[in-house]
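Please open the structure in your viewer and follow the stops below in order.

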Amino acid sequence: MSGPKNKDTKKTGATGNNGRNNNILYHGTAEQKIDAWLHVIAQDSNGKNWMTDWVPLLRVCSIRPNDPRPGVTFAFTVQREHCNNMGTMHGGCTASIFDVCTTLPVAFFLAPGSWEMLGVTRTLNVSYMLPVFVGDEVLIECEVLQIGKKLAALRGVMRRKGDRAIVATCEHGKYDAGLKPKA
């Protein structure tokens, strides 16, 4: 996951945008950082990115930046376009949601020269337990288990909101590759 690519990425940091966004990403509250990254992702590639269809449907339920395992909980209502031909949420959609949502708490640790692009996925291990149907609302509980200079271990649990049943879990490994200027 990353912000839009442009020739100014090295100079302007995570969003390749104006100083206001950088100020929020580096010095904003936890809520401001999560909202700013959701906006960056939703606006990526001028609406031509496949994530722009579902990321705007994510809603922040709670943010826990000061917990021993900092995290964020999101809500998401499954639409028909997120489902396979059996009417259940596609496993690839579930994995994509985990990839984005479990990455966002890394924003709590963003600093100049550290985790500025929220890292790249090294591993994403998803276990599926129960189906999720069109119209179901799910909660995606995400937490940072460990984060260092270059590696992070993240965890996600997806639950149906109605009965709180766990429908999927994930373990997510990230690597901070640093900012790379566009060649």
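What does the accessible surface of the protein come to, and how much of it belongs to carbon and sulfur atoms? The total is about 9,200 Å², with 51% belonging to carbon and sulfur atoms; areas come from the Shrake-Rupley method with a 1.4 Å probe, and for residues only the protein chains shown count as cover. This is a predicted model, in which local features need pLDDT of at least 70, side-chain atom pairs count only at pLDDT 80 or more, and totals for chains, interfaces and linings use all residues. Residues are numbered from 1 along each chain as its sequence is written, and side-chain values use heavy atoms, leaving out hydrogens and water.

Next, display the cartoon. The protein has 4 helices and 6 strands, which are DSSP runs numbered from the N terminus (helices: H or I, at least four residues; strands: E, at least two). From the N terminus, their order is α-α-α-β-β-α-β-β-β-β.

Now select Leu 58, Phe 74 and Ile 140. Among the 47 residues of the largest nonpolar core, these three touch the most other members. Such a core is a set of buried (under 20% relative accessible area, 1.4 Å probe, protein chains only) Ala, Val, Leu, Ile, Met, Phe, Trp, Tyr and Cys residues joined through side-chain atoms within 4.5 Å. Helix α3 gives the most to this core, with 8 residues.

Keep Ile 140 selected and show its surroundings. Leaving aside residues up to four places away in sequence, Ile 140 touches (heavy atoms within 4.5 Å) several residues, including Leu 58, Phe 74 and Val 157.

Finally, select Leu 151, in strand β5 (residues 151-160). Leu 151 counts as partly exposed because its relative accessibility is 41%, between the 20% and 50% limits.
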